[in-house]
Number of protein chains: 2
Amino acid sequence: MERENRVSITVIRRLPKYYRYLGDLLRKGINRISSQELSKMTGFTASQIRQDLNNFGGFGQQGYGYNVEELHDQLGKILGLDRVYNTVIAGAGNLGQAVANYKGFQDAGFKILALFDKNPKLIGLKIRDIEIRDVDELEKYIKENNVEIGIITTPKESAQDVADIYSRSGIKGIWNFAPADLRVDDEMIVENVHLNESLFTLSYFLNNKSDYIRD
Amino acid sequence: MERENRVSITVIRRLPKYYRYLGDLLRKGINRISSQELSKMTGFTASQIRQDLNNFGGFGQQGYGYNVEELHDQLGKILGLDRVYNTVIAGAGNLGQAVANYKGFQDAGFKILALFDKNPKLIGLKIRDIEIRDVDELEKYIKENNVEIGIITTPKESAQDVADIYSRSGIKGIWNFAPADLRVDDEMIVENVHLNESLFTLSYFLNNKSDYIRD
DNA sequence: TAGATTGTTAATCGATTAACAATC
DNA sequence: TAGATTGTTAATCGATTAACAATC
């Protein structure tokens, strides 16, 4: 029953951008869009956009283009944004608090149930209704509250320990902000946000302006 | 005098990871490494690693491998990490404060001179020695303090305005955390950290576990 | 119907992998 | 010297672009 043609990760990483622009169009009340217009907005070629979308189905109509609302909905479903996820954050420092405070994530269906930290000064505080708890309760909390996504915003020294707790608690996906590569089982999905790598890339281009291929 | 073969962005984005692992090795006192061992650590193939490095020069030695310290130094130079950058942050909310607090960036040579915000309640406060100033002073401050990198941690509504200020103040590179694509001149380097896109990618894989090509 | 634009195949381009001679 | 491992060329693989018949 396995699908023949899996979709490559480079395609997947373009989908959120399509989704964002379609959301913008939707809010503007525009209900029709062609691959060519999408190309102008996103910077991807029209050909590439049509290829990308056709990995998932024929959402367009010849001579017309794509219906904005329908395509937005479909992409939302493909990305799994048509449901709610219970999440927790390990590491209640600035970064953890920033993520907890960011309304955009909650709006997209990622519900942050609790923050966890080992610093006694933080435990018991609340970040807009979300309580900071003792990391010793993390495993128990996950099991009791049907948590699917674990976010790591700890220093890198603690990141692997948290990943281990997440693994044995039944977490399905980790969103990792620590500058480390986590060792996890094959079934665990890990998405890294490596800020250092992003900053160093910026620094490279700053120093080698002409010496690269623009994307 | 233009280089014939520019280095592709996919290669550049792997360099910080090499750099990080080499730093780890250095701290462990290991002074020699082969492409095969680096492959095991990074997950890239040995062949790819040798190809990547040879874009910049022959850093290795047949029969021996690479000298850890030398390769680390060279990569640091290539990435532009052998000097200091003056930076400012626009948007002194949690995310801006998190970036300002992250010691790793300062250690790598990215000096955060000041934060800027328009919220009067924040103006005048300090985040570990770094003052929060009125965004009205941003342009003047950049010009007077030789600031090269501008960080954007504002809500997306203000991001383009800040980018415009950065552009006309002589900023060379923007590190953008707002979920928006900035319109800037060709010479401006923009590196985006699109957290939404990262989270949505995680969500995709959570829902389509078997339906993709592992990287 | 005529015009527009998709879906899809074929062509091109670029990136990764394999292989091995060079050489430390 | 023998063994190891690079640097580099050639082969393969995958992703992007071009082209156009299908069709709304």
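**Figure 1. The surface near DNA strand C in the predicted model.** In this predicted model, α3, α4, β2 (60-61) and β3 (65-67) of chain A, together with α4 of chain B, each supply at least two residues of the surface near DNA strand C. Helices (H or I, at least four residues) and strands (E, at least two) are DSSP runs, numbered from the N terminus. The largest share, 6 residues, comes from α4(A). In total, 28 residues surround DNA strand C, the closest being G58(A), G60(A), G63(A), S8(B) and G63(B); a residue is near a strand if its C-beta atom, placed from the backbone, lies within 6 Å of it. By class, the surface near DNA strand C comprises 6 nonpolar, 21 polar and 1 charged residues. Here Ala, Val, Leu, Ile, Met, Phe, Trp, Tyr, Cys and Pro count as nonpolar, Asp, Glu, Lys and Arg as charged, and the others, Gly among them, as polar.

Residues are numbered from 1 along each chain as its sequence is written, and chains are lettered from A and ligands numbered from 1 in the order in which they are written. As the model is predicted, local features need pLDDT of at least 70 and side-chain atom pairs count only at pLDDT 80 or more, whereas totals for chains, interfaces and linings use all residues.

**Figure 2. The surface near DNA strand D.** DNA strand D is surrounded by 27 residues, of which the closest are S8(A), G63(A), G58(B), G60(B) and G63(B). At least two residues of this surface are supplied by each of α4 (46-54) of chain A and α3 (35-42), α4 (46-54), β2 (60-61) and β3 (65-67) of chain B. With 6 residues, α4(B) provides the largest share. The surface near DNA strand D has 5 nonpolar, 21 polar and 1 charged residues.

**Figure 3. Packing of α3(A) against α4(A).** Helix α3 (residues 35-42) of chain A and α4(A) pack at an angle of about 110°, their axes lying 8 Å apart. Axes are lines fitted to C-alpha atoms, for helices over the stretch in contact, and angles run from 0 to 180 degrees between N-to-C directions. α3(A) is therefore roughly perpendicular to α4(A), a term for angles of 65 to 115 degrees. S35(A), Q36(A), L38(A) and S39(A) of α3(A) meet A46(A), I49(A) and R50(A) of α4(A), where residues are in contact if their C-beta atoms, placed from the backbone, lie within 7 Å.

**Figure 4. Packing of α2(B) against α5(B).** The axes of helix α2 (residues 15-27) and helix α5 (residues 68-78) of chain B are 9 Å apart, at an angle of about 145°. Residues in the contact include L15(B), Y18(B) and Y19(B) of α2(B) and V68(B), E69(B) and L71(B) of α5(B). By class, this contact has 10 nonpolar, 3 polar and 1 charged residues.

**Figure 5. The contact of chain B with chain A.** Chain B and chain A contribute 50 residues each. On the side of chain B that touches chain A, α10(B) gives the most, with 13 residues. The residues of that side divide into 26 nonpolar, 13 polar and 11 charged.

**Figure 6. Helix α10(A) beside α2(B).** Helix α10 (residues 195-207) of chain A and α2(B) have axes that come within 9 Å and cross at roughly 115°. N196(A), E197(A), F200(A), T201(A) and Y204(A) of α10(A) contact L15(B), P16(B), K17(B) and Y19(B) of α2(B).

Terms used
Contact = placed C-beta atoms within 7 Å. Parallel < 35°, antiparallel > 145°, perpendicular 65-115°, else oblique.
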